[in-house]
Amino acid sequence: MMRHSTSPHPLHGDEPRTQRRNAGALAEALARSRETTLFVVLLLIVGGTALARPQFLNLQNLRDVLLNVSIVSLLTAGMTIVILMRHIDLSVGSTVGISAYAVGSLYVVFPHMPVLIALGAGLAIGLVAGAINALLVAVGRVPSLVATLSTLYIFRGADYAWVHGGQINATSLPDAFSRLATGVVLGIPVLALIALVLLAALAVYLKQFRPGREYYAIGSNPEAARLAGINVERRVATGFLISGAIAGLAGALWLARFGTVDASTAKGIELQVVAAAVVGSVAITGGVGTILGATLGALVLGVISIALVVLHVSPFWEQAIQGALIVAAIAADTLLARSVAKRMMRKRDHG
Amino acid sequence: MEPQAEVRAEGTPRLELRNASKSFGRVRALIDGSLRLMPGEVHALLGENGAGKSTLVKILAGVYRPDGGEMRIDGHAREFATPAQARDAGIAVIYQEPTLFFDLSIAENIYMGRQPVDRFGRIDYDMMHREVATLLASLGVDLKPERLVRGLSIADQQVIEIAKALSLNANVLIMDEPTAALSLPEVERLFTIARTLRDRGVAILFITHRLEEVFALTQHVTIMRDGAKVFDAPTVTLKTQDIVAKMVGRDLATFYPKADVRPGEVMLRVRGLTRRGVFKDISFDVRAGEIVALAGLVGAGRSEVARAVFGIDPCDAGQIQIAGKPLALGKPAVAVKAGLALVPEDRRQQGLALELSIARNASLTVLGRLVRFGLISAGREVQLAGQWGTRLRLKASDLNAPVGTLSGGNQQKVVLGKWLATGPKVLIIDEPTRGIDVGAKAEVYGALAELVREGMAVLMISSELPEVLGMADRVLVMHEGRITADIARADANEERIMSAALGEANVHLGHAA
């Protein structure tokens, strides 16, 4: 639904197929199958863990996975837009942290603040953070790795300076706000529903709208994008704004989910997010990736971390396994690209 | 030859450029660019590399803003600040290297930024695919609009660029060496498309190095040399010799100062060199005092052979001997010691460290000899660079200045000097004059001629036929990873080389109907 080229085309249905087209179709089928592959991997992990420890498949675990993955998958979607353009946003963890604490502080001052205002405040803080990144990268032409590494430290440092070892507790939060995480509609946590709606909207945005396609164009060939009349700077700025806005909103959701936040909230989550995107076959070199893939990547990592707990594996192994998965994902992509190239080469030799 | 469209269309040119100029720093890339492009004609723009053609094209495309001169479209003065403005004025450019999005579909490539949308702003993929299918069908190609561009042949990529131009209703189509990497049937298909467009009234500017294509396709010829227009005339009034003389503009014998040297011992012997999927069963000899050219189309595997001989790339089979001694494959350091030197194709990426000084670059290959008390002696470095600089007539005010500040021709001399410093027996040089001006070319040729007179064995990879014909004692032609011809200097001509490069017995291009 979010991929292209799936609809059959009656215009070309019965034409004789050329060799060249076969190779193209093959490449396309493999590219599409990466999401299928991820889905199979996900099922294997769930199935395998359930076989070893049948208690794995209980409602509490499923809820935990959904709640944990909801926030990370939102951040991963924002990161995907940025990575599509050959950029990266390392500041999202700090933005989540500062936004979570700020929204919490607002509740301390205004205990009866409506939920929507709280979410809006988080979003606004994220937009400011995103605007700073956008300014640095799109206008100042600072490489995004450096720019967002700086803002990672700047936002986090500002957070520490402001919070001064303080803490926000769940007791300061109204029930209506906490219900974002604890509430359930049709058996599904509200938080997961919010994430689902936003992810679907982003997927449609990337697939169905001109600006969405421009992210792909820029990452695929920046020079050609410029020649096609795309305003590359504006598009890059928008990408960082979206990533920042999502991180700000995620901060508010983080507060609702965990209740207790301090200055080190969500520290280091940016790397989990990049990992999820890469495992979800978003190409770090730009131009390739979908929200569906990125979300599956976040799910795989989330499920593994719970499965390891259930399997009584030392939590220290979790990071090693994450790392191995990233290598596996990239290796799979590279092998795939090579096998396609080889096929074409063989055709040249014998054709 | 059949007569072309005989009378030149009268009236207002679709596009006219007068006395356009453009400089980059101190380099005057274009001094007097002038061109009159009539509707319904295919117009050849000819000139050697460095004559200013690409700069002129980029001005027409809105990529560069000219320093001076005037541009008129349908009689109205125009200036372009961006490529988008040129595009909106109906000018479409197909660059040598297609500018496509490999990760997106053919349809998206054609409609990027202007996709058809419904009233909610959503892209109407069905309509887009239908339009593109019609467009591709009108060009007579069998490609699905939904197919990814990655993996398409260069020829198909160019067709997509043409389809993009058509979808924009371009009435000026500029093709910058579109046939450089095409096989003969693909060239034919491109010509058929170009003729159809011409008959629809599109003005086409066609840049090529293959003169037979000029006669097969074009109605008018404009020739540039050293940044200025030197000549223009209807194609039918011209012969090959006229065009070559105008393009080169100097006595060929002095431009290519190749002296006859009696070849000596075999210095480089290659037997059965094979790398699966890249090249197969490559065998040849290069003797002392001999320049052997390796010709062929881009992608035929010439540079790959050079890299394998030098040991940068692995190979699956074969033997190499340097001056009679077997050489271990796949070890560049051993190859250098045995007396092999490789001057690579892409100076900026492979041959030079642009930020380092001229002296440092020139001595990189022989740093070991410059060491004194474990440290590199800067004095010796400059001394060494000075020696080679004088010999190759390097134009540099300061040997401590970064190499990046030199002109292309002088950069090439630094690369050459750097390798000559190792005292090689065999010099492999890949595209010795790519992207340097005509004056610098003559100097590089002079340096090569002197080296072979002193007994160097030279293997020269070149895509420029005049250079191959002017400098080589023998021409090896590669086609799709194999050597398809070995032609002696006396028998070498453009037709023989091109037909071997295209893997065909004979080249016969169709003529305009």
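Q: Which residue of β22(B) stands opposite R474(B)?
A: In this predicted model, R474(B) faces A488(B) of β22(B). As a general idea, the strands of a sheet pair through backbone hydrogen bonds, in a parallel or an antiparallel manner. Here β21(B) and strand β22 (residues 482–488) of chain B are antiparallel partners over 6 bridges. R474(B) is also the bridge partner, in β21(B), of V292(B).

Q: In which sense do strand β13 (residues 291–296) of chain B and β21(B) pair, parallel or antiparallel?
A: Their pairing is parallel, over 5 bridges. The strand β21 (residues 474–479) of chain B is mostly covered, 5 of its 6 residues being buried.

Q: How many residues lie between β21(B) and β22(B) in their hairpin?
A: The hairpin has 2 residues between the strands, and E480(B) in the turn has a positive phi of about 45 degrees.

Q: In what order do the strands of the open sheet in chain B stand?
A: The order of the 4 strands is β12-β11-β14-β15 (chain B), with antiparallel pairing. At the edges are β12 (279–287) and β15 (325–326) of chain B; each has a single partner strand, so one side of each lacks a neighbour in the sheet. Strand β11 (residues 266–275) of chain B is joined to β12(B) by 6 bridges in the antiparallel sense, and L273(B) has I282(B) in β12(B) as its bridge partner.

Q: Which strands does helix α10 (residues 302–310) of chain B lie across?
A: This helix of chain B lies across β11, β12 and β14 (317–322) of that chain, at about 110 degrees to β11(B).

Q: How does the span of helix α3 (residues 92–109) of chain A agree with its number of residues?
A: At 1.5 Å a residue, its 18 residues should span 26 Å, and the end C-alpha atoms are 26 Å apart, which agrees. Of those 18 residues in α3(A), 13 are buried, so the helix is largely enclosed by the rest of the structure.

Q: What covers the buried residues of α8(A)?
A: The cover includes α2 (59–84), α7 (190–208), α9 (222–227) and α10 of chain A, together with α3 (106–111) of chain B. Helix α8 (residues 210–220) of chain A has 8 of its 11 residues buried, among them R213(A), E214(A) and Y215(A).

Q: Which residues have the most contacts inside the largest nonpolar core?
A: In soluble globular proteins, nonpolar side chains tend to be buried together. The largest core here has 177 residues, and those with the most contacts inside it are L75(A), A250(A), L173(B), I174(B) and I204(B). Helix α10 (residues 232–258) of chain A gives the most to this core, 14 residues. Another core, of 80 residues, lies apart from it and includes A288(B), A306(B), A338(B) and I358(B).

Q: Which residues is L75(A) in contact with, leaving aside neighbours within four places in sequence?
A: The contacts of L75(A) are V92(A), I246(A), A247(A), A250(A), I269(A) and V273(A).

Q: Over which residues of chain A does pLDDT stay under 50?
A: Where pLDDT is low, the predicted coordinates should not be read in detail. In chain A this value is under 50 over residues 1–21, for which the model has 27 contacts beyond four places in sequence. Chain A averages 84, and 86% of the residues score at least 70.

Definitions and conventions
Residues numbered from 1 in each chain as written. Chains lettered and ligands numbered in written order. Pairing = 2+ DSSP bridges. Contact = placed C-beta atoms within 7 Å. Axes fitted to C-alpha atoms, helices over the stretch in contact; angles between N-to-C directions. Expected span 1.5 Å × (residues − 1). Buried ≥ 20, exposed ≤ 12 C-beta atoms within 10 Å, placed from the backbone. Core = buried A, V, L, I, M, F, W, Y, C linked by C-beta atoms within 7 Å. pLDDT = per-residue confidence, 0-100.
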